Amino acid sequence: MKKYYAVVVVNVKKWEEYKKYADLAGPELKKHVEKCGGKILSRGGEIINLEGSKINRIVIVEWPSSKHAKEFYFSSEYQKAMTFLNNDVSERFFNLAEAID
């Protein structure tokens with residue numbers, strides 16, 4: 001079974017509103033990621049833009065399989081946190097990339 005990486009690219013437009021999501025996504029969803037078999041590799045750290053549009057937030061999570069990642073994404077816990085987000089608050093891209101080995 002190949003590992004997958006969730007690469008979540010976010011351009012936050014309204015930080016006050018986004019904070020409601022981040023407050024919930026922080027401690028509770030970190031526990032839920034681990035419960036679903038994931039490991040957060042990067043979240044909220046410095047981003048150095050070398051090419052393309054400047055993005056202000058990137059999250060990278062390692063998953064044992066795409067099944068684990070999808071179970072997390074479609075879980076009630078994550079979907080609850082997502083209720084705080086819309087296109088006025090942030091533009092998001094949540095992608096799963098298959099690992100090489």
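Biologist: What is the order of the four strands in the open sheet?

Modeller: This is a predicted model, in which local features need pLDDT of at least 70 and side-chain atom pairs pLDDT 80 or more, while totals for chains, interfaces and linings use all residues. Residues are numbered from 1 along each chain as its sequence is written, and side-chain values use heavy atoms, leaving out hydrogens and water. The order is β2-β3-β1-β4, with antiparallel pairing.

Biologist: Why is one side of β2 and of β4 left without a neighbour in the sheet?

Modeller: β2 (39-43) and β4 (90-98) stand at the edges and have a single partner strand each, so one side of each has no neighbour there. From one strand to the next, the twist averages 15°.

Biologist: How many bridges join β2 to β3, and how do they run?

Modeller: Strands (E, at least two residues) and helices (H or I, at least four residues) are DSSP runs, numbered from the N terminus. Two strands pair if DSSP finds at least two bridges between them. β2 and β3 (residues 57-63) have four and run antiparallel, so they pair. Arginine 43 has valine 59 of β3 as its bridge partner.

Biologist: Which strands does helix α1 touch as it packs on the sheet?

Modeller: α1 (residues 15-25) touches β1 (4-12), β2, β3 and β4, where contact means heavy atoms within 4.5 Å. Its direction makes about 155° with that of β1; axes are lines fitted to C-alpha atoms, for helices over the stretch in contact, and angles run from 0 to 180 degrees between N-to-C directions.

Biologist: Which residues of α1 are buried?

Modeller: Tyr18, Tyr21, Ala22 and Ala25 are; each is therefore under 20% relative accessible area (1.4 Å probe, protein chains only), whereas exposed means over 50% and partly exposed in between.

Biologist: What puts them on the same side of α1?

Modeller: The arc that they cover around the axis is only 100°, so they share one side. That arc is taken from the directions from the helix axis to the C-beta atoms.

Biologist: Which residues of α2 are buried?

Modeller: In α2 (residues 27-35), they are Leu29, His32 and Val33. Their arc is only 105°, which puts them on the same side of α2. The face turned away from that buried side carries the exposed Pro27, Lys31 and Lys35.

Biologist: Which residues touch the most other members of the largest nonpolar core?

Modeller: Tyr18, Tyr21, Trp63 and Phe72 do, among 21 residues. Such a core is a set of buried Ala, Val, Leu, Ile, Met, Phe, Trp, Tyr and Cys residues joined through side-chain atoms within 4.5 Å.
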